[in-house]
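User: Hello! I'd like to go through this model with you, one question at a time.

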Amino acid sequence: MAETRLRLPDETYEQIKKIASGDAQSVNSAMVLAIEEYIARRRRERYQAMGRKIAERDWELLERLAR
């Protein structure tokens, strides 16, 4: 398991601390979950963008074939 040092603004740290406490988990666990969710969202966004490009290209091809 990797270990890293993270510098957070005080306000951000206090917010994550409150969230972690409310969820009965450690600050570390809350941050790991937040990072994992961020990674998953970015991956989804990338695949959605690729899907949109493919759909646009296919639509253009179908339009040309229909002429």
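User: Is Arg5 buried or exposed?

Analyst: Arg5 is found in the segment before H1; helices (H or I, at least four residues) and strands (E, at least two) are DSSP runs, numbered from the N terminus. Buried means under 20% relative accessible area, exposed over 50%, and partly exposed in between, with a 1.4 Å probe and protein chains only. Because its relative accessibility is 71%, Arg5 counts as exposed.

User: Before we go on, what pLDDT do local features need?

Analyst: Residues are numbered from 1 along each chain as its sequence is written, and side-chain values use heavy atoms, with hydrogens and water left out. This is a predicted model, where totals for chains, interfaces and linings use all residues, side-chain atom pairs count only at pLDDT 80 or more, and local features need pLDDT of at least 70.

User: Thanks! How far apart in space are Arg5 and Glu63?

Analyst: Along the sequence, Arg5 and Glu63 are 58 residues apart. In space, the C-alpha to C-alpha distance between Arg5 and Glu63 is 53 Å.

User: What does H1 reach from its first C-alpha to its last?

Analyst: H1 has 13 residues. The expected span of a helix is 1.5 Å times one less than its number of residues. For H1 that expectation is 18 Å, and the helix comes close to it, with a reach of 18 Å.

User: And what does helix H2 reach?

Analyst: Helix H2 runs over residues 27–66 and has 40 residues. At 1.5 Å a residue, 58 Å is expected for H2, and its first and last C-alpha atoms are close to that, at 58 Å.

User: Which helix do the buried residues of H2 pack against?

Analyst: In H2, the residues Val27, Ala30 and Met31 are buried. Contact here means heavy atoms within 4.5 Å. The buried residues of H2 pack against helix H1 (10–22).

User: On to the backbone: what phi does Ala24 take?

Analyst: Ala24 is found in the loop between H1 and H2, and its relative accessibility of 73% is why it counts as exposed. It is not a glycine, yet its phi is positive, at about 55°.

User: How far apart are the C-alpha atoms of Asp23 and Gly51?

Analyst: Asp23 is placed in the loop between H1 and H2. It is exposed, with a relative accessible area of 52%. Asp23 and Gly51 are 28 residues apart along the chain, and their C-alpha atoms are separated by 36 Å.

User: How many salt bridges does a search of the whole structure find?

Analyst: Side chains of opposite charge can pair when their charged atoms come close. A salt bridge is a side-chain nitrogen of Lys or Arg within 4 Å of a carboxyl oxygen of Asp or Glu. For salt bridges, the search of the whole structure gives a count of 3.

User: What separates Glu14 and Lys17 in helix H1, in helical turns?

Analyst: The side chains of Glu14 and Lys17 meet in a salt bridge at 3.8 Å, N to O. Glu14 is partly exposed at 37% relative accessible area, and Lys17 is partly exposed at 38%. Because Glu14 and Lys17 are 3 residues apart in helix H1, their separation is about one helical turn.

User: How far apart are the closest N and O atoms of Arg57 and Asp58?

Analyst: Arg57 is partly exposed, with a relative accessible area of 47%, and Asp58 counts as partly exposed at 32%. Arg57 forms a salt bridge with Asp58, and their closest N and O atoms are separated by 3.4 Å.

User: Last one: over the face of which residue does Arg46 lie?

Analyst: A charge sits over a ring if NZ of Lys or CZ of Arg is within 6 Å of the ring centre and within 35 degrees of the ring normal. Arg46 is at 5.9 Å from the ring centre, over the face of Tyr47.
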